[in-house]
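Please look over the sequence and the structure before reading on.

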Amino acid sequence: MKRVYNFSAGPAVLPEEVLREAADEMLDYRGTGMSVMEMSHRSKAFETIITEAEQDLRELMNIPDNYKVLFLQGGASQQFAMIPMNLMKNKVADYIITGQWAKKAAAEAEKYGKVNRIASSADKTFSYIPDCTDLPVDEDADYVYICENNTIYGTKYRKLPDTKGKILVADVSSCFLSEPVDVTKYGVIYGGVQKNIGPAGMVIVIIREDLITEDVLPGTPTMLQYKIHADAKSLYNTPPAYGIYICGKVFKWLKNMGGLEVMKERNEKKAKLLYDYLDESRLFHGTVEKKDRSLMNVPFVTGNEEMDAKFVKEAKEAGLENLKGHRTVGGMRASIYNAMPYEGVEALVAFMKKFEEEN
């Protein structure tokens with residue numbers, strides 16, 4: 001069996017040992033005689049799976065007791081509506097626009113109240129993070145919203161914005177568990193799991209307890225109320241059970257690897273290898289301002305569309321998959337999440353060098 005190096009932005013590469021373990025348990029999960037896919041979400045075995053998953057995530061991220069962890073369906077995009085429905089008490093929110101996903105979140109929130117776009121990097125195709133030291137935060141704003149790592153454009157906040165005392169809400173889909181975070185700086189921190197943690201179809205929401213109330217916007221569906229899910233411990237309805245099981249395995253893998261400090265070091269080392277080459281290459285160059293570069297998503301171009309297409313095609317033939325950039329940026333993008341081994345980035349850089357020599 002030959003596994004490729006998969007640079008997909010999501011659904012993305014998962015740790016091989018997690019996949020092997022899941023394969024071993026596919027037909028018989030720990031003597032139950034059935035797969036987790038077939039198991040009642042009310043069973044003792046599944047209760048253990050979801051409880052351990054939450055416990056391990058709390059340990060990994062040092063999540064304080066006054067924050068709830070919710071395993072929900074609908075991916076990150078469903079949160080674009082769920083957040084304003086649950087948090088917009090004054091019907092005002094401030095959004096910082098650093099890419100496609102923050103833009104979509106702001107547009108969705110406008111259905112429920114007034115949205116102020118208080119900073120943006122749209123003027124330079126989202127190739128940097130705007131200065132967030134002195135933002136015009138609305139005094140009536142219920143929260144300030146950011147997308148912390150921009151999967152498409154390859155930017156990452158190095159420093160969180162000064163929200164002037166307002167709740168910070170952050171979409172961390174593509175940098176989830178890639179480095180330590182101080183959860184107490186956020187009111188809500190959430191992410192789709194299909195980039196750095198598990199299979200698609202699920203979002204993890206970490207939310208401060210005081211933000212979970214029955215006081216939601218009129219007409220908010222039952223399934224879109226945080227309180228409903230928090231009170232039912234993510235089991236209000238049948239959860240994405242198999243997804244939670246795989247995420248739980250990834251949490252254990254991360255703990256075995258040494259936790260988030262170790263992951264950060266590994267991720268910095270991988271990213272440095274690729275960025276250093278991009279900085280010296282005569283053919284390829286990165287598209288992001290150096291100070292704002294993401295450790296997870298690395299967009300790069302040759303400046304010639306035909307050459308880009310040739311590179312993607314030949315890279316695929318060499319076992320380097322999913323390097324085509326997002327249509328809004330063009331070029332290439334390598335997503336080098338936690339589960340991408342250092343050898344994968346080495347193989348990519350070696351191939352890029354060879355391609356550069358030949359072209």
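## Overall dimensions

The radius of gyration is taken here over C-alpha atoms, and the globule rule is 2.2 Å times the number of residues to the power 0.38. By that rule a compact globule of 359 residues would have a radius of gyration near 21 Å, and the chain, with 21 Å, agrees. Taken along the principal axes, the C-alpha atoms fill a box of roughly 65 × 60 × 30 Å.

The model is a predicted one, in which local features need pLDDT of at least 70, side-chain atom pairs count only at pLDDT 80 or more, and totals for chains, interfaces and linings use all residues. Residues are numbered from 1 along each chain as its sequence is written, and side-chain values use heavy atoms, with hydrogens and water left out.

## Secondary structure, burial and contacts

The chain holds 9 helices and 14 strands, which are DSSP runs numbered from the N terminus (helices: H or I, at least four residues; strands: E, at least two). Of the 359 residues, 56% are buried, where buried means under 20% relative accessible area, exposed over 50% and partly exposed in between, with a 1.4 Å probe and protein chains only.

A contact means heavy atoms within 4.5 Å; among contacts between residues at least 6 apart in sequence, 68% join residues at least 24 apart.

## Thr98 and Thr155

Thr98 is placed in the loop between β3 (92-97) and α4 (100-109), and Thr155 lies in strand β7 (residues 155-156). Thr98 is buried, with a relative accessible area of 0%, and Thr155 is likewise buried at 0%.

Leaving aside neighbours within four places in sequence, Thr98 is in contact with residues including Phe126, Ile129, Asn150 and Thr155, while the contacts of Thr155, counted with that exclusion, include Thr98, Phe126, Ile129, Asn150, Val288 and Asp292. The side chain of Thr98 also makes a polar contact with the side chain of Asn150 at 3.2 Å; a polar contact is a pair of N or O atoms within 3.5 Å, of which, within protein, one must be able to donate a hydrogen and the other to accept it, and residues adjacent in sequence count only if both atoms are side-chain atoms.

## Thr220

Thr220 is found in the loop between β10 (203-208) and α5 (226-231) and is buried, with a relative accessible area of 9%. Not counting residues up to four places away in sequence, Thr220 touches Met85 and Gln225. Thr220 and Met85 are 135 residues apart along the chain, and their C-alpha atoms are separated by 6.3 Å.
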